[in-house]
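I opened this model to look up a few side chains, ring pairs and strands. My notes follow in the order in which I checked them.

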Amino acid sequence: MVFDLPVEAMRAGAYSDRYFVNSREVLKADGHSPQVLMQVFCRGAGWLCGMDEAIAIVELASENRDALTVRALHDGDAIAAFETVMTIEGPYHAFAHLETLYLGALARGTRIATQTKRVVDAAAPKQVLFFPARHDHWQLQTRDGYAAHVAGAGSVSTDMQAKWWGGRGIGTLPHAAIAAYGGDTTLAARKFAEHLPADVPIVALVDFDNDSVPTSLAVARALGPRLYGVRLDTSGGMVDKSVVPQMGQFDPRGVNAQLVHNVRAALDEAGFSSVRIVASGGFNVERIRHFEHERVPVDAYGIGSSLVGNHGDFDFTADIVRTNGKPSAKAGRMERPNPRLELVP
């Protein structure tokens with residue numbers, strides 16, 4: 001795995017909170033080199049990710065890696081709140097400037113992995129498609145895609161999201177392509193099937209005309225076995241035409257259970273039982289759990305913004321808890337040895 005770290009800038013302190021850089025410079029100027037034990041923990045429970053990158057930062061951007069002893073948990077490990085996930089022991093000036101960096105790597109990775117793991121568990125054994133690229137800065141795609149992969153997401157939407165684990169992005173027939181073909185979903189789907197390689201699964205968005213049942217059938221008839229699935233993505237402010245006659249006992253807006261049942265029944269009756277249904281549009285853990293409890297016939301969930309928002313306490317903290325062999329944690333903190341930590345060679 002290649003992290004493409006700007007090592008020289010990191011070592012110089014360009015990405016670090018200035019007070020850590022100042023601390024390193026003062027210690028060096030004063031000739032003071034205490035041996036410390038730095039202890040890292042997360043404030044909330046979750047699934048750890050970002051550790052490989054955090055270790056790489058310490059390995060490559062510290063001033064004397066050979067003088068440091070690092071112990072850590074692994075990416076993908078379940079962690080409890082306040083559990084020690086990593087320790088760094090050695091002369092403080094050698095790694096004082098890196099705290100901002102390894103904490104940030106752990107916070108971002110763990111947040112994405114934990115939120116993805118929660119929806120993966122809620123949807124199991126159905127596939128979760130990791131589709132939040134448009135909801136965050138493009139430079140975060142690679143590490144976020146890796147975190148989603150660690151958490152068990154079935155696929156990602158961009159090649160950069162798949163870079164660290166050697167995969168490729170997948171996608172559906174988007175609304176923009178349908179618009180480019182004059183709003184004709186079937187024509188756009190046929191063109192995708194005609195010009196894309198045979199191993200690219202064709203999944204068609206079918207809500208362009210807010211009439212998902214006939215659109216799904218039209219695409220299925222046009223593509224036959226080449227159609228992998230249809231994706232329901234009705235806006236949360238609209239009611240699909242097929243749902244209107246059934247209104248009265250449920251919220252009819254957006255992608256709801258009745259809409260999924262309508263599309264599934266129509267496809268099955270027409271002989272297209274192999275066509276899968278992907279549900280997207282505002283799904284989160286709670287909505288997925290509700291759908292699964294009600295046995296809504298969804299084959300996969302496309303999840304976006306709910307996976308990258310900050311919906312939990314995934315801040316990491318680092319404390320010096322021992323200096324020159326003596327306890328030195330601040331009030332309210334203490335050394336928390338963790339037998340799960342493994343030595344990083």
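Is R65 buried or exposed? R65 counts as buried, at 15% relative accessibility; buried means under 20% relative accessible area, exposed over 50%, and partly exposed in between, with a 1.4 Å probe and protein chains only.

Before going on I noted the ground rules. The model is predicted, so I took local features only at pLDDT of at least 70 and side-chain atom pairs only at pLDDT 80 or more, while totals for chains, interfaces and linings use all residues. Residues are numbered from 1 along each chain as its sequence is written, and side-chain values use heavy atoms, with hydrogens and water left out.

**Entry: R65**

I found R65 in the loop between α3 (51-61) and β3 (69-72). Helices (H or I, at least four residues) and strands (E, at least two) are DSSP runs numbered from the N terminus. I then looked up its polar contacts, that is, pairs of N or O atoms within 3.5 Å; within protein, one must be able to donate a hydrogen and the other to accept it, and residues adjacent in sequence count only if both atoms are side-chain atoms. The side chain of R65 makes one with the side chain of E59, at 3.1 Å. A polar atom of the R65 side chain also lies 3.2 Å from the backbone oxygen of V344. Leaving out residues up to four places away in sequence, R65 touches V58, E59, V70, V344 and P345; contact means heavy atoms within 4.5 Å.

**Entry: aromatic rings**

I listed the aromatic pairs and got eight. Rings of Phe, Tyr and Trp (its six-membered ring) pair if their centres lie within 6.5 Å; planes under 30 degrees apart count as stacked, over 60 as edge-to-face, and the rest as tilted.

F3 and W164 are an edge-to-face pair, with 4.7 Å between centres and 80° between planes. F3 sits in the segment before α1 (7-12) and W164 in the loop between β7 (155-156) and α6 (175-180), so this pair ties together parts 161 residues apart in sequence. F3 is buried at 13% relative accessible area, and W164 is buried at 11%. F3, Y146 and W164 form one aromatic cluster.

I also checked F41 and F82. Their ring centres are 5.4 Å apart and their planes are at 35°, so the pair is tilted. F41 is in strand β1 (residues 35-42) and F82 is in the loop between β4 (78-79) and β5 (84-91), 41 residues apart. F41 is buried at 3%, whereas F82 is partly exposed at 39%.

**Entry: charges over rings**

Here I used NZ of Lys or CZ of Arg within 6 Å of the ring centre and within 35 degrees of the ring normal. The charged end of R276 sits over the ring of Y228, 4.0 Å from its centre. R287 lies over the face of F283, 3.8 Å from the ring centre.

**Entry: strand β8**

In β8 (residues 202-205), I202 and A204 are buried on one side, and V203 and L205 are buried on the other. β8 pairs with β9 (residues 227-232) in the parallel sense over four bridges; two strands pair if DSSP finds at least two bridges between them. I202 stands opposite L227 in β9. The chain runs from β8 through helix α8 (residues 212-223) to β9 in a right-handed β-α-β crossover: with the strands pointing away from the viewer, the path from the first strand over the helix to the second runs clockwise.

**Entry: whole chain**

I counted 10 helices and 14 strands. Buried residues make up 50% of the 345 residues.
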